[in-house]
Amino acid sequence: DPQQLELATSGKRKLRRFIVIDEIVDKLYGSKVREYFEENNVQYKILALPTTEETKSMDLVLNILQEVQNFSIDRRTEPIIAIGGGVCLDIVGLAASLYRRRTPYIRVPTTLLSYVDASVGAKNGVNFLQCKNKLGGYTPPVASFLDRSFIQSIPRRHISNGLGEILKMALMKHKGLFDLLKSHGKYLLDTKFQSYSSSADHWDAALQTTRIAIETMLEELAPNLWEDDLDRLVDFGHLISPELEMRVLPSLMHGEAVNIDMAFMTYVAHTRGLITTEEKEQIIQCMRGLELPVWHSGCSWPLIKRALMERLKHSGGQPRMPLPTGLGVAEIFNDTSEETLERAYKLWVRD
């Protein structure tokens with residue numbers, strides 16, 4: 001908006017920004033963030049918070065809103081900035097959507113998972129009554145700023161965690177992305193998704209991988225931003241994982257729980273004859289190569305049945321089960337029998 005730009009740069013009014021930052025990110029990058037705002041003569045308030053699945057609650061949203069009210073922002077010209085992982089971006093998105101009915105906000109993801117997943121789309125939310133993201137809404141950010149240099153400071157397990165969501169898009173929509181993960185997975189883990197021009201063998205695998213993952217995610221989400229159509233390929237890995245993740249907190253991270261769900265569903269696809277034994281093995285080997293768990297003792301047969309019953313409640317009485325029908329191709333199925341699921345489960349556990 002030219003008028004707003006004029007107002008912001010004319011110097012008539014000091015720029016003001018309210019920033020919510022994950023407390024671990026604040027320890028690592030807080031001084032740089034403060035320096036940036038000071039150099040640009042911005043009046044700012046930084047709220048550093050513990051943003052984890054266990055703290056992802058309405059209480060934290062209200063805590064943020066109390067601080068926003070104290071700081072007093074102009075909801076048209078002063079977006080709230082969220083700097084952190086997916087939980088931080090979800091919480092701040094919900095807080096912004098509630099404050100004066102809708103305040104603009106900006107997402108700055110700092111983990112691989114949030115970079116390729118939470119940064120894209122309109123959803124935000126918090127956990128409620130031991131259920132994942134039970135409260136929330138659809139309010140897209142005004143911008144997402146993507147900077148892979150944040151990822152170099154996160155632990156290796158967190159990189160692997162993010163690779164789970166990238167693999168999801170590869171299995172559903174992009175054989176080329178699957179091949180990239182298969183060939184360069186270890187390199188991406190070792191280099192923490194940083195770009196090194198000297199490595200001709202891997203050219204810029206990090207840039208290619210993240211770009212394709214985000215583009216395929218956008219292809220899926222953009223035409224269906226408010227989920228009017230419940231047949232969604234991006235739900236692969238998200239039928240059983242919400243129940244599993246909340247049940248075993250904090251032992252599994254989101255991408256790990258998603259991958260365990262995907263591993264089981266790969267066996268379901270194989271049992272149904274949708275993929276060959278060789279394709280099933282390639283998928284499981286790729287998961288192992290990305291250092292992702294392919295099984296968890298908490299993922300029992302009763303938990304799977306309960307999770308799929310819960311799925312029926314929220315998807316119009318149909319399971320709407322995305323399954324691979326090859327490498328990088330998939331369809332949604334509503335006719336998988338309980339017998340097929342149980343047979344797949346037994347094979348999965350055996351292996």
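This is a predicted model: local features need pLDDT of at least 70, side-chain atom pairs count only at pLDDT 80 or more; totals for chains, interfaces and linings use all residues.
Let me begin with the interface: about 1,900 Å² is buried between domain 1 and domain 2, with carbon and sulfur atoms giving 70% of that area, where buried area is the accessible area, for a 1.4 Å probe, that two parts lose on being put together, summed over both. Leu-112, Leu-113 and Arg-148 supply 31% of what domain 1 buries against domain 2, more than any other three residues.

Residues are numbered from 1 along each chain as its sequence is written, and side-chain values use heavy atoms, with hydrogens and water left out.

The domain assignment gives domain 1 as 11-152 and domain 2 as 156-193 + 202-223 + 231-350, such bounds coming from an automatic or database domain assignment. The centres of the two domains, taken over C-alpha atoms, are separated by 28 Å. Domain 1 brings 19 residues to the contact and domain 2 brings 27 residues, contact meaning heavy atoms within 4.5 Å.

The side chains of Lys-132 and Glu-245 meet in a salt bridge at 3.3 Å, N to O.

On the side of domain 1 that touches domain 2, α5 (112-118), β5 (123-128) and β6 (131-138) each supply at least two residues, and α5 gives the most, with five residues. Helices (H or I, at least four residues) and strands (E, at least two) are DSSP runs numbered from the N terminus.

Gln-130, in the loop between β5 and β6, has a positive phi of about 60 degrees although it is not a glycine. Gln-130 counts as exposed because its relative accessibility is 71%, the classes being buried under 20% relative accessible area, exposed over 50% and partly exposed in between, with a 1.4 Å probe and protein chains only. Asn-133, in strand β6, also is not a glycine and has a positive phi of about 50 degrees, but with a relative accessible area of 35% Asn-133 is partly exposed. Elsewhere, the peptide bond from Leu-249 to Pro-250 is cis, with omega near -5 degrees, and Pro-250 lies in the loop between α9 and α10 (254-271).

I will finish with two buried residues. Arg-232, placed in the loop between α8 (205-221) and α9 (241-248), is buried at a relative accessible area of 9%, and its side chain is joined to that of Glu-227 by a polar contact of 3.1 Å. Ile-304, in helix α12 (residues 301-314), is buried with a relative accessible area of 0%. Leaving aside neighbours within four places in sequence, Ile-304 is in contact with Ile-240, Phe-264, Cys-299, Tyr-345 and Trp-348; the C-alpha atoms of Ile-304 and Ile-240 are separated by 6.0 Å, although the two residues are 64 residues apart along the chain.

Key: A salt bridge is a side-chain nitrogen of Lys or Arg within 4 Å of a carboxyl oxygen of Asp or Glu. A polar contact is a pair of N or O atoms within 3.5 Å; within protein, one must be able to donate a hydrogen and the other to accept it, and residues adjacent in sequence count only if both atoms are side-chain atoms.
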